[in-house]
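I opened this entry to record what I looked up on overall shape, domains and chain contacts. My notes follow in the order in which I took them.

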Amino acid sequence: MHILKLLIRNTFRHKLRTGLTIIGIMVAILAFGLLRTVVSAWYSGVAASSSTRLVTRNAVSLIFSLPVSYKERIRQVPGVTEVASGEWFGGVYISEKNFFPNFAVDAKTYLDLYPEFVLSEGQKKAFLADRKGCVAGRKVAEQFGWKVGDSIVLKGTIFPGNWEFVLRGIYHGQQKNTDETVFFFHWDYLNETLRKTAPLRADVAGYYIVGVKDPDRAAGVAVAIDALFKNSLAETLTETEKAFQLSFIAMSNAIIAVIQAVSIIVIIIIMAVMANTMAMTARERIGEYAVMKTLGFGARHIAGLVFGESLIISAIGCAAGIAFTYPAAQWFSDTMGIYVPVFNVENRTLLMDVAAALIIGVVAAAFPTWRAINVRIADGLRRIG
Amino acid sequence: MPRRRPGGKKEKVYGKPESNVFLGAFAVKISGEFLMDDTKPPIVVIRNVTKTYTRGSQVISVLQDLSLDIVDGEFLALMGPSGSGKSTLLNLLAGIDKADSGSIIIGGIEIMALTETELARWRSMHVGFIFQFYNLIPVLTAFENVELPLFLTGLSRKERREHVAAALGIVNLSDRVDHYPSELSGGQQQRVAIARALVTDPTILVADEPTGDLDRVAAADVLGLMGRLNREFGKTIVMVTHDPRAAEQAHIIRHLEKGVLDAHPETSH
């Protein structure tokens, strides 16, 4: 207990130095936590994907469509429960800076396939009954101040023109990592309009969301679907929703790698700063360690003092960093709004914060401890006076 | 070898802290007679000790074939010019440095044969070190500084408190227990350091220039205290000093010159 008291008093002997080091660690842990959360946010679509959903798209590229006739043929594949066609609409609200994901979908089956989009029964009925109806996620509705019943006009970028919708429902996510920024409306509305305005672009779907009965047989179902359209004009590529999401992330692998590298560099920098602090501390106290050795204290006691001090500083910095991570993440999420649909600090990130702080504390103390233990008592005592 | 004795009766045997007779020993000794037996063997036996240092390619001989006996209860002053090897000899005696060759037996233990860990444990039980610059831990109070060595003894909290109170009482600092070193004068700090050296009831007290950083009054006070520890409590003290007045406090004065001990010890009283 007495040694612990000595440890704590030693830690705060140089209040300014200790305070600045703690602030440094706090900022590093905060930056590390936020950067890891950005990476997690990138993977949020993957995390939220369901094992009971497959995505069928054109085997050549996602930008090529699939005939609408495929829908019924896919539905007949054994193991398939439901199929919903989908089309990336790419509309913007008022101006191009107001970006959010918007899709034309088979309303009924889409809602069945995405039970995590929670919509009240009344809103669901109203949406299904209105061909011009649309549903928006909670975040996107909040962003633009939409209320149920509002008229919304999206300017088409892929499908030109002004597209009028009536907001019939606002969904919220069933889980914390459910994307609440999606806007969707009836694929029939898009298709019927295209039949009139651009008939050549009508009767196709961008992709199909396929529900499977047994997730363990999803791979077999995917193979069966693709086999169905082999050697056709539009061959398909069917994969799990997770794999589909990962293929998007693969496009931005370099960015993710940079973010991850920066997060590690931040930790390495603060490790060097902390090591410098501990080296200064140990150098200043080498005489005291020599006195303690003279009194009979052994290497483990000296190591305990140096490591203990380093770990106390890194633990306080870590705790402060974690405490600030939550409000900072909230601020980031509020500021970025719909651009970052899911920005939650995961428990795994907190564990990584703690592990990083532990590594900082241990690594920073290693060399000073080695020096403090190995300095000859007579040499250590000579430093005094 | 002529030496001053505190009395003429049988020696009072000191117990180690773990035997918990320390306070009892103090009580007996404070009341009066601490007496020694003329025929008993020396508590410190140094034989043919050699110590050299290497500085670059140069080998410096500090102690040359040095032999010395110190009897229990003796107060020995080591004098000599700078670089004569007196602090080195003190360090060897205290087990904080190792000789190149020879033998150092203290209380029947050949300390040259001990490993670093064994030596640390031995020091905690058998040596009380008094430094020139006190070397108190600045973030600990006087009480905590004195208590520090007792953490290696396995004494209970209550026992530790009793020992610390007794040691601070002996050095007359019972009213300064909660003071930090920075709140004490040099002389008071040195008295705390003496209490710290004393608290484990060591076999020998070694002091390296204990008055070197003190003014005349404080130095006299500290020397008086050391003399009292020797007379009343029978502590064996080895003190390195440059100060002839400090050396006068000792029974015997030995001079070191270029690592060689004088042939004829000087008696101070």
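I counted a residue as buried if 20 or more other C-beta atoms lie within 10 Å of its own, with C-beta atoms placed from the backbone. On that basis, 39% of the 385 residues of chain A count as buried. I note that the model is predicted.

Fold of chain A. I found 15 helices and 13 strands in chain A. I then checked the radius of gyration of chain A: the value is 29 Å, well over the 21 Å that the globule rule gives for 385 residues, so chain A is more spread out than a compact globule. The C-alpha trace of chain A spans about 95 × 45 × 30 Å along its principal axes. For contacts in chain A with a separation of 6 or more, I recorded that 81% are accounted for by residues 24 or more positions apart.

Domains of chain A. The domain assignment lists domain 1 (2-44 + 253-382) and domain 2 (60-234). I noted that their C-alpha centres lie 48 Å apart. The contact between them takes 6 residues from domain 1 and 9 residues from domain 2. On the side of domain 1 that touches domain 2, I listed 3 nonpolar, 3 polar and no charged residues.

Contact between chains. I looked up the interface next: 21 residues of chain B are in contact with 19 residues of chain A. On the chain B side, α3 (116-126) and α4 (142-147) are the elements that give two or more residues. The largest share, 5 residues, comes from α3(B). By class, I recorded this side of chain B as 11 nonpolar, 5 polar and 5 charged residues.

Conventions. Residues are numbered from 1 along each chain as its sequence is written. Chains are lettered from A and ligands numbered from 1 in the order in which they are written. This is a predicted model: local features need pLDDT of at least 70, side-chain atom pairs count only at pLDDT 80 or more; totals for chains, interfaces and linings use all residues. Helices (H or I, at least four residues) and strands (E, at least two) are DSSP runs, numbered from the N terminus. The radius of gyration is taken over C-alpha atoms; the globule rule is 2.2 Å times the number of residues to the power 0.38. A residue is buried if 20 or more other C-beta atoms lie within 10 Å of its own, exposed if 12 or fewer, and partly exposed in between; C-beta atoms are placed from the backbone. Two residues are in contact if their C-beta atoms, placed from the backbone, lie within 7 Å. Ala, Val, Leu, Ile, Met, Phe, Trp, Tyr, Cys and Pro count as nonpolar, Asp, Glu, Lys and Arg as charged, and the others, Gly among them, as polar. Domain bounds come from an automatic or database domain assignment.
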